[in-house]
Amino acid sequence: MSNFQKNRIMKYPLALAVGAVLLSLLSCKPEGRIYEKHKDLSPNVEWLRSDVRTFEFVVEDTLSTYEIGVGLRYASGFVHQYGKVSMVLTSPSGKSTEHMFSLKVREDNGDYIGEPGFEIWDSHHPVLKNVTFEESGEYQATFQHAMERDPMNMVMEIGLTIDKE
């Protein structure tokens, strides 16, 4: 068997392994998740108070309860223990409710919370549980940072997850 044939044969198991890993990563959606999206903030690694992010999601089942989660991607150097965030949830009929969240991103000892990737951290925060949606249709969740100082430095993305409980 030539070296060319050996190399060709060795590529197939590698391709299958890479394909299996990619498939498993793509299928890691938690059971019951009806929505997940993340949005970039400023390329300057900061979140300006005027830089609001809006997520639109559809709710069809008004009988179930849901958990709402907020994702935050931040970089090493985030100096605060908590990131304060405001979320305005607007129903299909236009009824709005505001929620304030303090997302813990650092432990008491200063360690960052979340999944590390070099100097970038991804954290997920379940913020509202047992939520029922009174109306079916398209909802909006609008986020704005609520820190005392503007901008909120070292923050890269904000995200929203909706899980059926």
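Colleague: Hi! Which residue in S9 stands opposite Arg53?

Modeller: Arg53 has Phe143 in S9 standing opposite. Before we go on: this is a predicted model, where local features need pLDDT of at least 70 and side-chain atom pairs count only at pLDDT 80 or more, while totals for chains, interfaces and linings use all residues. Residues are numbered from 1 along each chain as its sequence is written, and side-chain values use heavy atoms, with hydrogens and water left out.

Colleague: Okay, how many bridges join S3 to S9?

Modeller: S3 and S9 are joined by 7 bridges, and they run antiparallel. Two strands pair if DSSP finds at least two bridges between them. The strand names come from DSSP runs numbered from the N terminus: helices are H or I with at least four residues, and strands are E with at least two.

Colleague: How many residues are in the largest nonpolar core?

Modeller: That core has 32 residues, and those with the most contacts inside it are Phe57, Ile68, Phe133, Phe143 and Leu160. A nonpolar core is a set of buried Ala, Val, Leu, Ile, Met, Phe, Trp, Tyr and Cys residues joined through side-chain atoms within 4.5 Å. Strands that each supply at least two residues of this core include S3, S4 (66–75) and S9 (137–145). S4 gives the largest share, 5 residues.

Colleague: New topic: rings! How many aromatic pairs are there?

Modeller: Here's the rule: rings of Phe, Tyr and Trp (its six-membered ring) pair if their centres lie within 6.5 Å; planes under 30 degrees apart count as stacked, over 60 as edge-to-face and the rest as tilted. By this rule there are 9 aromatic pairs. Take Tyr35 and Phe57: their ring centres are 5.7 Å apart and their planes are at 45°, so this pair is tilted.

Colleague: Why does that pair tie together parts that are 22 residues apart in sequence?

Modeller: Because Tyr35 lies in strand S1 (residues 33–40) and Phe57 in strand S3 (residues 53–59). Tyr35 and Phe57 are both buried. Another tilted pair is Tyr112 with Trp121, at 5.4 Å centre to centre and 40° between the planes. Tyr112 and Trp121 are buried too.

Colleague: Which residues share an aromatic cluster with Tyr35 and Phe57?

Modeller: Tyr66, Phe133 and Tyr139 form one cluster with them.

Colleague: Nice. Which residue lies over the face of Tyr112?

Modeller: Arg106 does, at 4.4 Å from the ring centre. Likewise, Lys39 lies over the face of Phe55, at 5.0 Å from the ring centre. A charge sits over a ring if NZ of Lys or CZ of Arg is within 6 Å of the ring centre and within 35 degrees of the ring normal.

Colleague: What about Arg33, buried or exposed?

Modeller: Arg33 is buried, with a relative accessible area of 12%, and belongs to strand S1. The Arg33 side chain makes a polar contact of 3.2 Å with that of Glu36 and one of 2.6 Å with that of Asp163. A polar contact is a pair of N or O atoms within 3.5 Å; within protein, one must be able to donate a hydrogen and the other to accept it, and residues adjacent in sequence count only if both atoms are side-chain atoms.

Colleague: Last one: where is the cis peptide bond?

Modeller: It runs from Asp150 to Pro151, with omega near 10°. Pro151 sits in the loop between S9 and strand S10 (152–153). Most peptide bonds are trans, and most residues other than glycine have a negative phi.

Notes
Buried means under 20% relative accessible area, exposed over 50%, partly exposed in between (1.4 Å probe, protein chains only).
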